[in-house]
Structures are given as C-alpha cells and as structure tokens.
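Hi everyone, thanks for making time this morning.

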2 protein chains.
Amino acid sequence: MCGVTKTVVENKSSTISSVHENGSTRNHHSEGAIINLDHGDPTIYESYWKKLGEMSRVTFLGHQSLSYFSNKKNFCWFLEPKLEEEIKNIHNMVGNAIVEDRHIVVGTGSSQLIQAALYALSDHSLNEPNTISVVSASPYYSAYQEIADLLRSGLFKWAGDARSFDKDGPYIEMVTSPNNPDGIIRQGLVNRPNGVLIHDLAYYWPQYTAITSPADHDIMLFTLSKSTGHAGSRIGWALVRDKDVAKKMVKFMEINSIGVSKEAQIRAATILEIICGSCSQSVKPNIDLDNFFEYNKNLMAERWKRLRDVVKKNDIFYVTKYPIQYCNFTGDFTEAYPAFAWMKCKLEGVDCEKLFKEHKILTRSGRRFGCDPEYVRISMLSGDDDFDLFIQRLSTIIGSQSLNDN
Amino acid sequence: MCGVTKTVVENKSSTISSVHENGSTRNHHSEGAIINLDHGDPTIYESYWKKLGEMSRVTFLGHQSLSYFSNKKNFCWFLEPKLEEEIKNIHNMVGNAIVEDRHIVVGTGSSQLIQAALYALSDHSLNEPNTISVVSASPYYSAYQEIADLLRSGLFKWAGDARSFDKDGPYIEMVTSPNNPDGIIRQGLVNRPNGVLIHDLAYYWPQYTAITSPADHDIMLFTLSKSTGHAGSRIGWALVRDKDVAKKMVKFMEINSIGVSKEAQIRAATILEIICGSCSQSVKPNIDLDNFFEYNKNLMAERWKRLRDVVKKNDIFYVTKYPIQYCNFTGDFTEAYPAFAWMKCKLEGVDCEKLFKEHKILTRSGRRFGCDPEYVRISMLSGDDDFDLFIQRLSTIIGSQSLNDN
C-alpha cells in the first residue's frame, strides 16, 4: 500500500550501524549542521522572488485594513476582493481547477480550511451523536489525523486508512492529488454511498506535475505555501461547489478566527498577480521576468535529477518513479517533480527516519503517514545549502555502505 | 445579574410600536442606511492612523517571510522576534500586564488563543471522557459559548453562567476584564478548587479604562483589534505563566493553522512600536505625533459624553455608569469609556435588538450574552459617520417617545 513503484533494488542485508559508522567522510564545514527536511518549508522559492526585487513590493499604511470586514456583500465577508480575483485568474491561466460557479473561501492556510470543510460536511443535528468518519488512503498526509482528532470532536473522527475502511454510513475521504507524501495522482478510493470527498490539491501546480485537466470536484483546497512558496503568509483557499457548504465553512472561520489576516491576503493577491503576469508574454515589458512555473519547475527538475543520480546505482534507498505525462499548461510532456521524495530504505529492519537522523538529516517517518518505518518523506523544497548538504550526506551514506559491502 | 448599575429611570409603559411609528423625523440623507453596531469593528482608530501617514508604512518584498518558521530557537517557533519584543515593550510602558517570566504565544486573533487555552487546560488522558466545563459570568462575551461548542469537543464543553455553576470537578472560568459587553472590572467568580481561569484582557488599555495595576494572572489574552484598532490583521497574544501550558497552546496552533501570518505579525510589531514611541516624549522629534492612548481616549470620552447627553433625560434607555478611578498610566483620575455601551430598554416586554433594528441600527441582543432581550450591546468603536447617525437616530427614538408620552 505504501510501496515505491517501478524501482527494484535488491536487499543486501546491511545494518544501520555499518552505515552510520562509515559515514565519516562528511563535509567538514557542515559537520555539525542539522538539516531539517521534515517540514515542506518552501524556501526553494527564494531565488525567484529575490530576482524580482522591488517589483514585488507590497506596502501597508497604518490606517489601512483596520476593519474585520473585507467585502460586506460577499457571503465570505472576510475575503479580500482582490485576492478573490487573482485566485480566479491564476486557476484560469494555469488550467488546474474550474472556478466558474464556485464559491471561494479563504483560510489561515489550508489546515484551517480542512477543519472548516470537516465542520461543514458533518451532521449538526442535536438528537444523537452522529460522528462522521474521516479517512484517507495510506500513505496519507500526516496532518489529517492530527486535525481530525485535535479536539476529540463529536462531529467527525479520524477512522484511518481508506483502504481498510469498512464501516457503513457516511464518511469523508481526503483525496490528496498529487499525493503528499508520495506524489502519486489520486482519486477517491472508498467509492461507497454516503461518501463525500475533500480534494486537497496543494501540489497540483505545473512546477510539480503535469496539468492534465482542470480539476472539477465539490471541495478543492489550495495553499499559497506550496503554489508560490509563501508559507509564512498562512493563506489557503477552497473552491466549493455547494453554496450551503461554503457558508458553513465561513461560519467555522468566523468562530475559529474571525476571518483571515488582511495583510496576508493582500500580499497573496499581489504575488498571484505577479505570477500571472510572468506567464503572459503580453505583460512582460522591458524587465527580465522569468515564467514563475518554468523557472521553479527547472529548479525542481534539477534537484530530482541530482537525487536520482545519487540513488540510481545504490542498494540501500529507492525513490518513486513517475510516468511521463502531457501538461496542458506547458504544452509539453513532463515527468513529475514532487515537493517530497518518498524514500524506502532496503536495509533489513531499519528505521529510516532514525538512520537519517544519525546523519543529521531530519525527515518524517513513514509511520506518520500510516506506513512502515522503512519509509521516510524528505522535503525537496529546502534552501539550496540544505539541499546540497542533503545530497552530500546521502552520497556519503550510500558510499560508505557500498564500501562496507565490498 | 445583567443589571445596568447606578441609574434609576422610571418605566412609563411605552411600547415598541409607539416609538417606531413616531420615529419619522430621521435625517433624510441617511434614511436608508443601516448602521452595523453589532460587531466591535474598531474603525474609530482610523483618524489616528491617517494622521500618521507615511510614518506608519510597512513594506514586504516578495522573497521575505517565505518560511513557516519565525524563530526556530523559540518554543513558539512561529512568533516573530520583533513582535515578541514590542509586546513586552508596550505592556511595560502601559503597565497593564506583567511580562517578566511569561511565555508569549501569538494567535490569529485572540479567538484562536481562547481555543488554544481551552485545549491546553483540558485533560488529554485517553482512559475516560473527562470533559472540562467552561463557564463565564453573565453577561459574558457571546463568542465564548460559540467557541467552546464549535466542534462538540470531548475535551471541553460550555457550561453556561458561572453564577449558577454548581458541578463538582475541574472547570475553566473565562474572566473578561473590563467585561465585554458591560465594561465592568471583574475577577473570578466561582472560586472553587480545581478551577483554572483564563483572563481575557482585550479591553484593559488606557483608552477604555483606568490602568490600576499590572495584571498578573496565569493566562492573559490580548488582541490587536481592540488595543490598536487593527482588527483586520487578526493578531492576538497570550501571556502564559506555565511553560507546559504555553507549549500545549503552541501545539494547538501548529495543528489548527501551522502558525500565524508573518505579514500581520510584522505589521503589528511596527504598529506597537509606533504607539510606544508616541507615548515617549524622548522619541518624538519634529513631528506631530499624538500620544496614541490620550488621543483615542479623548475620542472615546467625547462619544460617551454624546451618548450620555442623549440618554440622560430619557425614560426609555439607560446605560451603565462607571466609577472614577486613578489611572497609573495617565497619572490622573478617569471614568471608564468602554468599547461597548450595554444598554437596557425600559419599555415593557421590549426586544431591544428588534427595536433598534426597526430604526436601522444593528446591535447584539442581551440574549447572546446570557441575559434578557431588553439588553443590547452597542459598539462605540464605529466610524464617525455611523456614530453620528446612531446618536441622531437614538435622539429621534427618544424624542418621538417623549412626544408620544406627552
């Protein structure tokens, strides 16, 4: 279920300690530095935004955005009109989601919107406890369980792996596509009556995967963190087909945080506008403005090439391979370059997270995604220095292991 | 329990309809305009911030604040160091709360921090359901019940008015001081073993009330919305005595929204810094920078004077009177000028919210605060135009009523 596909590597029964003890040829400059690739902290995007300099400036004066309200005429009264417009523009331009006749709800990151959606899809009748099950197919994003069970809600409850879900009655299935952690394109899996799906499309952008068609689901979640790299802004949005569901999500947001930071929304709108502009030749005047998605896809492709180069001849680790697909946005065939490497360690009985930790690389264990500890998720979105160190240390682990085996 | 103190007005058995039918001398320019004084939307602060102009400018470039992290060395890793510093500065300067040896947790408004605190103070042992009761003395802030019951948590549950709370076992008491809606200075009321208090000090600032001593409680909540007027930023903070409680609050914030918008935090830090500067003669160079608290206290005092002038000779409405107290911050005796007027309508059997609504004034019914419908909470923080209209319409209601009685 948590398999890494299309790669076959033999297990030569190595051990953690042999790898660890031989891992002594590491770069002296970085000997003590711990690299944190546990979170998908998207600092890879810094180089693009640094090149833009002044063009990307956003300014606030003290008297601006005092009010709770952004648009009293909108059902989502805390959504900045400019952000709403730019969300529509970018989806229309990229072609990754249908926005016509959809209701947009903004959130403090998509985490808050996941809760808002669970709240909106639950049964609120007071007569009897009717807790709805929340499932996702393993390997699933580790936060879903944490979010669903955070307050031990009587409305919804984590019910584990969608593959083994066999309860009757209503359920909510989280469908992440491309999937976090393994980058695979997914669809709903349970396919039973009374199911509702929440599509988490955080990674359905051209720098990570081919855009094969505009997504057209009931609830689709996106986040600035993984689309533009602005994780610190905490901006997510939902495209919702049903107005009543969208209204309930807004109700949740009202009580949970009385809306979403206006500064973050206004900056997000500017960032999305710049990206749209960068993709449209007509609005590129005399300035050197790289196409945002091409530029960052190239960075991702380069990183994946470096990772695959290190891993391809080794006997310890393997990573998922992805099919070549036609991308409507770039007009070209492309591989996928996911935000995370989902890596399996072939050493017998190894705890892969622990192995990397011994080499001062923090990753997230497969356990957190409903899988075995031989898997880890490794962020591919770190800053350049951390990525260089990661590749160095991975080579060292692999090199020392080969040495050991010979 | 929900009484308006120190004012005695006779009931002359007027009716809603008589008031309504005679309410026809309203300003023609504003005939159709609905004034929303339901929320405490703090646009009264616009005039101060407008005067500052460029001085209050905050700027972001595209490459700034990409990361989830603000300070990896802090237990509250998403708290901007500059905001932490300015929070300490402003409390030290105003003298309204002890910050030494307290742990600061930032939130998306104080709403999110209320939930974080409820989460942190609950019993998380898995053995048996041990839902902790959440109480507050009526009239209590209407959001407490909504927040506590939002997800039908198994950790905590709204248990109503603290005055009638008689369950054994642990409880959490929300203590709002000055109180929302009625502006009264409060202390914990239940005073039983196993109780923990959360002090919501959103209004404990010199523009609203005398600062009589630095607050010194286990968990103290503040919000930018009501201290500086920046409700749109959604920034709140908690000062927490116990490190473990603070850590659990951070855990909640991690799962609920993976931190708090950096743009909002950085702007908040600048805003607080400007306010501190405005209060310190030494950092006022050649510019005309009014003391923030004096300036806005004067606005509040003027509004309260206008309200009391209209109400003082009427037989229908009365509003709370407050004692004169010495304020350590201003070095002067002062009345309180709360953010809300808590108004009682003396007309028999009247639904006061409905009465105002008929005159196109939206208020919040006493019912929402655990009281009778003869009470309403009316925001005193609106923009000038809305406040002017409110005073006009209130005069009209009162005038028409007197006419009617004669």
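Let's begin with Arg364(B), which makes a salt bridge with Asp38(B), the closest N and O atoms lying 2.6 Å apart. For salt bridges, the rule asks for a side-chain nitrogen of Lys or Arg within 4 Å of a carboxyl oxygen of Asp or Glu. The two partners sit in distant parts of the chain, 326 residues apart: Arg364(B) in strand β15 (residues 364-365) of chain B, and Asp38(B) in the loop between β1 (35-36) and α2 (46-52) of chain B. Helices (H or I, at least four residues) and strands (E, at least two) are DSSP runs, numbered from the N terminus. Both Arg364(B) and Asp38(B) are buried; that word means under 20% relative accessible area, with exposed being over 50% and partly exposed in between (1.4 Å probe, protein chains only).

A quick note on provenance: this is a predicted model, where local features need pLDDT of at least 70 and side-chain atom pairs count only at pLDDT 80 or more, while totals for chains, interfaces and linings use all residues. Residues are numbered from 1 along each chain as its sequence is written, chains are lettered from A and ligands numbered from 1 in the order in which they are written, and side-chain values use heavy atoms, leaving out hydrogens and water.

Now, how many salt bridges are there over all chains? The count comes to 38. Another of them joins Asp216(B) and Arg102(B), with closest N and O atoms 2.4 Å apart. Asp216(B) is in the loop between β7 (195-200) and β8 (219-223) of chain B and Arg102(B) in the loop between α3 (81-94) and β3 (103-108) of chain B, so this pair ties together parts 114 residues apart in sequence. Is Asp216(B) buried or partly exposed? Asp216(B) is partly exposed, because its relative accessible area is 39%, whereas Arg102(B), at 10%, counts as buried.

Over in chain A, Asp216(A) and Arg102(A) also meet in a salt bridge, 2.4 Å from N to O. Here Asp216(A) is partly exposed at 40% relative accessibility, and Arg102(A) is buried at 10%. These two belong to a network of salt bridges that also links Asp218(A) and Arg241(A).

On to the sheet in chain B. The open sheet has seven strands in the order β3-β9-β8-β7-β6-β4-β5, with mixed pairing; two strands pair if DSSP finds at least two bridges between them. β3 and β5 (156-161) of chain B stand at the edges with a single partner strand each, so one side of each has no neighbour in the sheet. From one strand to the next, the twist averages 25°. Axes are lines fitted to C-alpha atoms, for helices over the stretch in contact, and angles run from 0 to 180 degrees between N-to-C directions.

β3(B) pairs with strand β9 (residues 235-240) of chain B in the antiparallel sense over six bridges, and Val106(B) has Trp237(B) as its bridge partner in β9(B). Helix α7 (residues 243-257) of chain B packs on this sheet, touching β3, β8 and β9 of chain B, and its direction makes about 20° with that of β3(B). Contact here means heavy atoms within 4.5 Å.

One last stop: Glu86(B), in helix α3 of chain B. Glu86(B) is buried at 3% relative accessibility. Leaving aside residues up to four places away in sequence, Glu86(B) touches Ala269(B), Leu272(B) and Glu273(B).
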